[in-house]
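Here are my notes on the model you sent.

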Amino acid sequence: MRGGVGCRLSAVEANSNRLTVKPSKRRKHLASCLLTSVFCLSLAHATAPATLPLTLPPAQEGRAVAIQRNLRCPLCDTGESIADSRSDISVKMRSSVREQIADGRSDSEIYTFFSQRYGNFVLLDPPKTGRNLLLWGAPLLALGGGGAALWAFLRRRGPAPAPDAAQDAEPYDSYLDQVRRDTGGGGT
Amino acid sequence: MLNLISFPSSALGSLGQIALLLALAFTLAGLALAVVGGIRADARVVEAARRATWAVFALLTLGILVLMVALLKDDFTVRYVAEHSMRSSPTWIKVTSLWGALEGSILLWAWLLSGFAFILSLTLRRDALRPWALGTMFVSLLFFVGICATIASPFTPVSVLLADGRGPNPALQNHWMMAVHPVLLYLGFVGLSVPFAYAVAALVTGRLSDHWVVVTRRWTLVAWTFLTAAIVAGGWWSYETLGWGGYWAWDPVENASFIPWLLTTAFLHSIQIQEKRGLMRSWNVWLIVLAYSSTVLGTFLNRSGIVQSVHAFAGGPVGPVFLGFLAFLLIVGIGLAAWRAPALRDEAEVPSPVSREGAFLAGNWLFLVFAFMVLLGTLFPTFVEAAQGRRDASVGPAFYNAFAIPLGLGLLLLMGVGPLLPWRRADGQGLMRALVPLLASGMGAALIAFVFGIRSAGVLITIALAAYNIVGLGLLTARAARQAGGLGRTLQAQPRRYGAYTAHIGLVVLALGLAFSGAYRQDAQATLNLRAAPSTLLHEQLELTGLREVDRGFGQSTIASVSIDGKPFKARLNTYVQAPGTLFPAPAVRYGLLGDTYLVVTSIDPGGQWASVRLIESPLVSWIWWGTLIICLGAGLTLVSPARPVARAVPAGLAPATD
């Protein structure tokens, strides 16, 4: 709430950045965004009375909240999303998400916008591309592999008893077996 | 070289340190005696090892008492007290400071471990397993006592004597739940060391008796109950103090406590296959080794700081040592299991897919995939960092929920069908007949929910599965009561079965709480001005009625009194002297059976004119806490022995467990 103006300003500034920074250009954003947020903070204190935040229609508001939950606060060491974090940079990022939704950008464009500025680190919902396919695919492989192993084990039912029966003709007797083991007579 | 003792600087510190060093000496001696006694099968040597646990327990008790006295007497010559306590804290904070930081929590851990070793020494049978089970407990003890007597000793001398201590971590002073959650968690983690000891003993000797199954199951069940309560208590702490209205964030350290829970839950089911059918013996041993290793992994993640988490306060110099211990456990466990696998071959016939065993094994499959998924998500950012040299990946709730919801629903489905199925092989037609009322009630419940306006697929399926489970358990109970001639009689005869049913019902209640609070949580923020007209937020009338500051000695509290639809709420923002700039919210929560109203202050005007608040309404959150209570009561009931425990166990098995 506080610093609405400051953050609106910096969101606008971010928007103008967006036009000038080439998407492919990678650089260390953390330090610069720290500076931005400090700047934002000081502006916020200068303009204390809060202005109303951008109001969105319900459908867009829902989208905004969903995106905010999937973006990580880049400066918090708790792993919080910007939806839950109370840090200044999260406040700024929240209003930037709303601005961009109001501008009519798609969800993936918004995620790309933030990942270009703060790195993939901020994406709490890792996109299913590249190395993240390992992350998303491995549990499915485990599910499939485990299911196949379980099925194979349960299917072993038919032929399995045959070799055992060949080895050991007498019927199984747990008491006899225990006596054998306790006397070291071949249980192990 | 570490300077461990300085007599002139601190009498209490020296006493504590001596106790820890002596405990270390007895641990080493006990380990040596246990191994020698095991190899030579010499009962007198084993007896000496057994008594060594008493000495270790007594000395660690002395150590923990010394630390408690130092904390309560504000003796700042003791390093831990100087670093993590202060005069102005209330007494309960001083007590909980004992486990509020690394050194103290390791000491508590070691003490609980020695306590379990002591109980084990009294209950172990005089058989071939005894020296090896004791020896394994000594290995665990050696690790924890070794750490707390040396690199993470709370008693090492301080270089400069402070007039007042630095005080406890603010995040840990904010809620009384901090007195409960860590202790429960340690009881759960440490409790798993006993089944682990039995598993190693079974691997070393190649013997798995009926008795082994019974004691391992009981100890695991005790640890599991504590672990369940601890995980949910941690969620409650998060709900009550972190001010975001949630209880579970898939935080790496939360995950680290959840993985052992998943593995032990799988074990508690598959051990029953071993109990009744003599199957899955090496699998069960594996599960226990993995579950115990995962507790060490969890502690390593918590202590090493390689993952970012809300538990970052717990970091310390012991990360690499834990990693070493974890590697040791895994290598020894895998080595032993590979060596002994032939000895643990199953004798009985493999079960039919449609049978109680089949349902348990399918459950095991889902539990293991679940555990693997959580482990992968937790470690993936670390792998990426190792490969790329910087933190460039995060795994958030979106990933976990994508898998956890279907897996959880699958487990609920199996949970309903498991108790219906007979051991060995189910008759297909009979099963279908038994399933019809369940499926019908599930569909009916989902339809009613749909009519009442519930549209979320996950919630509808959860409701259907809840009804299906409850009706299934109800029908089974009714039938058993009719056969036994009364509900009371069947309850008395089968406490274990009805304990399990109760735990399942608790889980259903918990699942409903998770589904509704996850899907229908509402959240809104506003800035309220003092003496202004009420504002409407989530259909409630909010009015700021007062703002005041309270000096609590160890920190400040700003209290915002807000009236929500006429009911008073007092939400606080706390600051602590250790961290002057950081605000710790203490939300005002009104618990209700159908939903909670949760008010948290996000900022307060220094001039005292306005407060920004966040109002969260989540339905059925309290069902999570009640469900957990029911689960724990059910788990306790399964431990109650029926009148003739041994006589009952044997005829119940179709093929008695072997050896």
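**Notes on the predicted model**

1. Start between the chains. Helix α6 (residues 132-155) of chain A and α14(B) have axes that come within 10 Å and cross at roughly 160 degrees. Keep in mind that this is a predicted model. Angles over 145 degrees count as roughly antiparallel, and α6(A) and α14(B) are therefore roughly antiparallel to each other. The crossing of α6(A) past α14(B) is right-handed.

2. Now the residues at that contact. From α6(A) come, among them, A:L135, A:A138, A:A142, A:G146, A:G147 and A:L150. The α14(B) side includes B:L361, B:W365, B:V369, B:F372, B:L376 and B:F380. By class, the contact of α6(A) with α14(B) has 18 nonpolar, four polar and no charged residues.

3. Next, the core. The largest nonpolar core has 196 residues. Those touching the most other members are B:L60, B:L67, B:F144, B:Y198, B:W212, B:F322 and B:F370. Helix α14 (residues 356-388) of chain B gives the most to this core, with 15 residues. Apart from it lies another core, of 21 residues, including B:L537, B:A560, B:I564 and B:A588.

4. Take B:L60 as an example. Beyond its neighbours within four places in sequence, B:L60 is in contact with B:L20, B:A23, B:L107, B:A110, B:W111, B:S114, B:L141 and B:V145.

5. Helix α10 (residues 210-241) and helix α20 (residues 621-639) of chain B pack at about 165 degrees, with axes 10 Å apart. α10(B) and α20(B) are therefore roughly antiparallel to each other. Here the crossing of α10(B) past α20(B) is left-handed.

6. What meets across this pair? On α10(B), the residues include B:R217, B:R218, B:L221, B:W224, B:T228 and B:W236. On α20(B), they include B:I624, B:W625, B:I631, B:C632 and B:L639. The contact of α10(B) with α20(B) divides into 14 nonpolar, five polar and two charged residues.

7. Two backbone points to check. Most residues other than glycine have a negative phi. B:A41 is not a glycine, yet has a positive phi of about 50 degrees. B:A41 lies in the loop between α1 (11-40) and α2 (43-72) of chain B. B:D74, also not a glycine, has a positive phi of about 50 degrees. The place of B:D74 is the loop between α2 and α3 (79-84) of chain B.

8. Is each of these buried or exposed? B:A41 is exposed, with a relative accessible area of 68%. B:D74 is buried, at 14%.

Definitions and conventions. Residues numbered from 1 in each chain as written. Chains lettered and ligands numbered in written order. Predicted model: local features only at pLDDT ≥ 70, side-chain atom pairs only at ≥ 80, totals over all residues. Heavy atoms only, no water. Core = buried A, V, L, I, M, F, W, Y, C linked by side-chain atoms within 4.5 Å. Buried < 20%, exposed > 50% of the residue type's maximum accessible area, 1.4 Å probe, protein only. Helix = DSSP H or I, 4+ residues; strand = E, 2+ residues; numbered from the N terminus. Contact = heavy atoms within 4.5 Å. Axes fitted to C-alpha atoms, helices over the stretch in contact; angles between N-to-C directions. Parallel < 35°, antiparallel > 145°, perpendicular 65-115°, else oblique. Left-handed = near helix turned anticlockwise from the far one by under 90°. Nonpolar A, V, L, I, M, F, W, Y, C, P; charged D, E, K, R; others polar.
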